[in-house]
Amino acid sequence: MKQQERGRISAFQYMCILLVIRMTATTVAFPFMTGHESPTDAWIGALIGIGGSLVLLELMVRLSLYFPDMTVVQFSQALLGKFFGGIAALLLVGFWVFDAAVTARAMGSALVNAFMPETPVLVFIIVTVFFGANGARQGLEITARWSELATVGVLMTAIMLVLPFKAMSFQNLLPILPYGLSPHLKRAATMTSMFLRLSVLGMMIPYVRNKKDVLRYTRYTVIVSGIVLTAQSIALVAVFGSRAATSAVPTLQLVRQITIGEFFERIEIIPVSLWLLNSGVNIGAFIWASSLGLAQLFNLNRFEPLTYPIGGLAVLLGMVLFKNYVEQVRYLIGLQPILVPLVVLGVYLLLYAGFIFKRLWFPKRTNSGAPAALEADPDDTK
Amino acid sequence: MIPNRWLVHMTACLVTITLVMTVTSGCWSRKEIEDLAFVMAMGVDRSPSGNIQMTAQFAKPGAMGGAQDQASQEKPFWVATTEGDTMFEAFRKLGYLSPKRPYLPHNDFYLFGEDIFREFGLKPFLDFIIRDTEPRLSARIGVVRSTSAKDFLQAEFEGMPLSSEALRGIMNHLMNAWGTIPDITIREFVDRMESEGIEPIAMGAELIPLAPDVEIEGDPTREQIKATATLGGAAVFKGDYLVGWLDGFETRGLNWILGKVKNTVVEFPHPGHEDKIVSVGILRATGKFKVEAEGNRVRASIEVNAVGNLGCVQEPVDLMKEPELWTKLEAGAQSTIEDEISRAVATLQRLGSDAVGFGQYIFRRNPRQWATLRERWDEIFPAIEVSTSVKVHLREMGVILKSTESR
């Protein structure tokens with residue numbers, strides 16, 4: 001057995017990583033609000049999305065817990081065989097690299113749009129990706145500790161939502177359902193696709209010390225981030241009314257509205273620096289997951305040498321994927337709700353199919369097709 | 001091998017630190033405070049050739065503060081005017097006149113000449129303000145009545161040399177002690193513009209030319225103030241275009257409905273002595289309205305509650321002896337407020353601009369019904385029947401119980 005990753009994290013750190021991933025760059029762009037119709041009652045869409053995500057992530061975690069010592073890359077090969085499992089795993093790994101690039105670009109573009117129009121977006125991308133890749137290279141524990149620090153950002157975001165109270169008017173939240181439920185289903189799809197980025201949990205679960213808590217903490221993640229995001233959508237509508245949906249960087253504009261006693265103003269630098277940190281940790285987690293996944297897929301001895309090349313790939317992708325921020329937002333609200341569920345849910349559907357197939361036809365030999373790199377017998381957990 | 005690795009490590013660290021330092025400390029797109037010219041108020045007019053004429057009032061930090069008499073020596077602001085086809089171009093062209101980089105985030109007022117909104121509508125001007133990263137959405141938008149914004153920004157104020165500060169002072173005073181101007185920031189203005197069933201309004205601004213002071217005594221180093229300025233009333237829009245004005249009291253009528261009057265003075269004829277005036281100081285007021293629609297018939301009912309104190313009377317009163325006078329005074333105040341409200345609504349109906357948000361009320365409570373009314377709202381709104389109920393509670397009468405009377 002090749003031990004590519006030696007680190008172990010606690011269930012709380014696991015939750016922190018997931019929270020940071022959910023709450024980063026997307027918090028700045030807030031795609032589930034931006035560009036959708038009927039912003040006034042966006043919280044309905046948010047609640048639908050949270051409900052759906054709760055179910056989907058629960059299923060993903062439960063599958064992982066059947067193989068408590070294998071990452072999703074390893075047990076996909078165990079379930080689907082070396083070739084098809086490999087392809088499924090490669091799809092997931094590819095998605096993580098891609099998403100690291102999307103995240104980096106979202107953060108960079110938001111900063112360029114809102115603060116420093118003269119600075120090339122490449123600079124922000126390189127800085128965040130380099131930070132993330134460097135952390136990923138040191139193993140999961142480093143990323144986990146960073147994420148504990150960056151979770152302060154979630155708290156900060158929550159505070160930021162209350163501070164512009166002077167500009168809020170809760171009458172703006174009316175009417176409820178003026179255009180029916182369909183815009184909310186689209187919005188919920190966007191929200192769910194953002195939650196499916198948490199599929200990196202398939203890589204992290206084997207390294208969580210206390211596996212009993214994993215399921216519980218995954219639910220906490222969805223609920224906490226869901227509450228913050230719903231609150232954010234409500235605060236945005238209360239402040240901006242229908243304009244909440246037309247702003248490119250709604251969260252930044254929200255923070256800009258904070259005025260307390262005519263002197264406590266222009267504090268946007270605090271959340272922005274936190275979002276930068278969050279994006280770095282987020283990208284770090286994605287790079288760690290994809291390089292470890294690749295190493296396990298191709299039976300390499302170490303995953304560390306892969307982190308910088310993958311980071312470089314993410315930088316490159318981040319630069320070439322989108323021409324400008326508009327394309328990025330169009331991806332986030334148009335393509336992502338289709339693409340991400342297609343990849344992640346497709347892979348997990350295959351895995352579940354393989355799992356049920358093995359259960360039904362080979363009840364004793366669940367592990368027959370497993371690669372040599374198996375550490376423990378998954379049957380122990382049943 | 002080991003020094004080599006150490007070298008690689010150090011290089012990596014140095015590169016990271018340099019990158020982080022350049023980016024986070026803002027060294028890249030840095031703006032030093034001494035290189036910036038702070039725009040304190042901005043005016044936009046139509047130039048004679050039909051372009052956008054932008055006037056910016058810059059702060060002159062050197063002339064601010066300091067000794068008392070210094071303020072009279074030098075104006076703490078200077079004004080530059082440029083022309084351009086778009087707001088962006090005109091703003092950038094300020095660089096032809098300003099040695100420092102024009103910097104917008106501290107700007108509190110966007111003032112527009114009256115003609116420009118009547119002819120061009122809002123679209124060409126607002127986009128820059130909400131698209132660019134520099135302007136703040138909490139700035140105020142004002143329309144200058146009958147003069148150009150360029151002249152308006154030349155106005156000076158006694159007692160507060162920096163005229164944008166003075167304007168802000170007057171604005172706060174009018175909002176807190178009179179309620180005769182709308183309390184609308186650019187953010188709310190744009191929200192009204194985009195929302196269903198409500199039209200934007202903006203602050204009205206007026207230039208007051210002063211007679212030239214002929215007998216100048218003392219230091220002739222500085223000209224006397226040529227013109228000062230004031231705010232008041234509201235510019236009413238319909239869709240993109242300026243359609244008319246509410247005067248100060250009509251604006252207060254609108255503010256009564258919206259519950260935005262904080263503290264104000266209400267006057268009415270003395271009960272029993274119609275040629276004398278009583279004024280009442282209102283301390284706080286709440287206002288709300290309901291709209292009901294049945295087919296084409298729309299009824300609005302407005303409810304205002306106000307609490308106030310007796311301000312002054314011209315005809316002596318003895319409230320100890322005539323306790324029923326309280327109700328008469330309250331009724332007088334109520335009728336004035338009702339009158340203001342009905343005047344405001346009548347003017348808005350004449351202009352055809354639903355600045356109260358009657359349509360928005362229906363849209364928010366009953367979006368389906370609004371969908372049927374929306375297209376015909378222009379015809380429905382002027383015919384809305386409005387019923388007003390105002391309650392004024394007079395609490396105190398000042399520090400005397402009985403008016404002074406000559407024997």
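Figure 1. A:Arg145 counts as partly exposed, because its relative accessibility is 47%. The view, like those that follow, is taken from a predicted model. The side chain of A:Arg145 meets that of A:Glu141 in a salt bridge, with 3.1 Å from N to O. Both residues belong to helix α7 (residues 140-150) of chain A, and because they are four residues apart there, about one helical turn separates them. A:Glu141 is also partly exposed, since its relative accessible area is 28%.

**Figure 2. A salt bridge between A:Arg197 and A:Asp99.** The side chains of these two residues meet at 2.6 Å, N to O. The pair links distant parts of the chain, as A:Arg197 and A:Asp99 are 98 residues apart. A:Arg197 is found in the loop between α9 and α10 (201-204) of chain A, whereas A:Asp99 is found in helix α5 of chain A. A:Arg197 counts as buried because its relative accessibility is 1%. A:Asp99 counts as buried because its relative accessibility is 0%.

**Figure 3. Salt bridges of chain B.** The side chains of B:Arg374 and B:Glu375 meet in a salt bridge of 3.5 Å, N to O. B:Arg374 is partly exposed, with 41% relative accessible area. B:Glu375, with 63% relative accessible area, is exposed. Elsewhere, B:Asp108, B:Arg136, B:Glu165 and B:Arg168 are joined into one network by salt bridges that share partners. Over all chains, the salt bridges number 24.

**Figure 4. A nonpolar patch on the surface of chain A.** The patch is formed by A:Ile48, A:Ile176, A:Leu177, A:Leu181 and A:Leu185. Together these residues have about 400 Å² of accessible area. One of them, A:Ile176, is found in the loop between α8 (152-162) and α9 (182-195) of chain A. A:Ile176 counts as partly exposed, because its relative accessibility is 43%.

**Figure 5. The largest nonpolar core.** This core has 211 residues, and those with the most contacts inside it are A:Tyr14, A:Trp96, A:Trp288, B:Trp256, B:Phe358 and B:Trp377. Helix α5 (residues 82-114) of chain A provides the largest share of the core, 17 residues. In chain B, domain 1 (31-246) and domain 2 (248-407) each contribute at least three residues to the core. Apart from this core lies another one, of 21 residues, including B:Phe109, B:Ala149, B:Phe152 and B:Phe157.

**Figure 6. The surroundings of B:Trp377.** B:Trp377 is among the residues with the most contacts inside the largest nonpolar core. When residues up to four places away in sequence are not counted, B:Trp377 touches B:Val298, B:Asp354, B:Phe358, B:Gly359, B:Ile362, B:Trp370, B:Pro382 and B:Ile384.

**Figure 7. The contact between the two domains of chain B.** Chain B is divided into domain 1 (31-246) and domain 2 (248-407). Taken over C-alpha atoms, the centres of these domains are separated by 31 Å. To the contact, domain 1 of chain B gives 25 residues and domain 2 of chain B gives 30 residues. The secondary structure of chain B comprises 13 helices and 13 strands. Of the 407 residues in chain B, 47% are buried. Among the contacts in chain B with a separation of 6 or more, 71% are between residues 24 or more positions apart. Chain B has an accessible surface of about 20500 Å², and carbon and sulfur atoms account for 53% of that surface.

Terms used
Residues numbered from 1 in each chain as written. Chains lettered and ligands numbered in written order. Predicted model: local features only at pLDDT ≥ 70, side-chain atom pairs only at ≥ 80, totals over all residues. Heavy atoms only, no water. Patch = residues over 30% accessible without salt bridge, like charges linked within 9 Å, V, L, I, M, F, W, Y side chains within 5 Å. Areas by Shrake-Rupley, 256 points an atom, 1.4 Å probe, with all protein chains shown as cover. Salt bridge = Lys/Arg side-chain N within 4 Å of Asp/Glu carboxyl O. Helix = DSSP H or I, 4+ residues; strand = E, 2+ residues; numbered from the N terminus. Buried < 20%, exposed > 50% of the residue type's maximum accessible area, 1.4 Å probe, protein only. Core = buried A, V, L, I, M, F, W, Y, C linked by side-chain atoms within 4.5 Å. Domains from an automatic or database assignment. Contact = heavy atoms within 4.5 Å.
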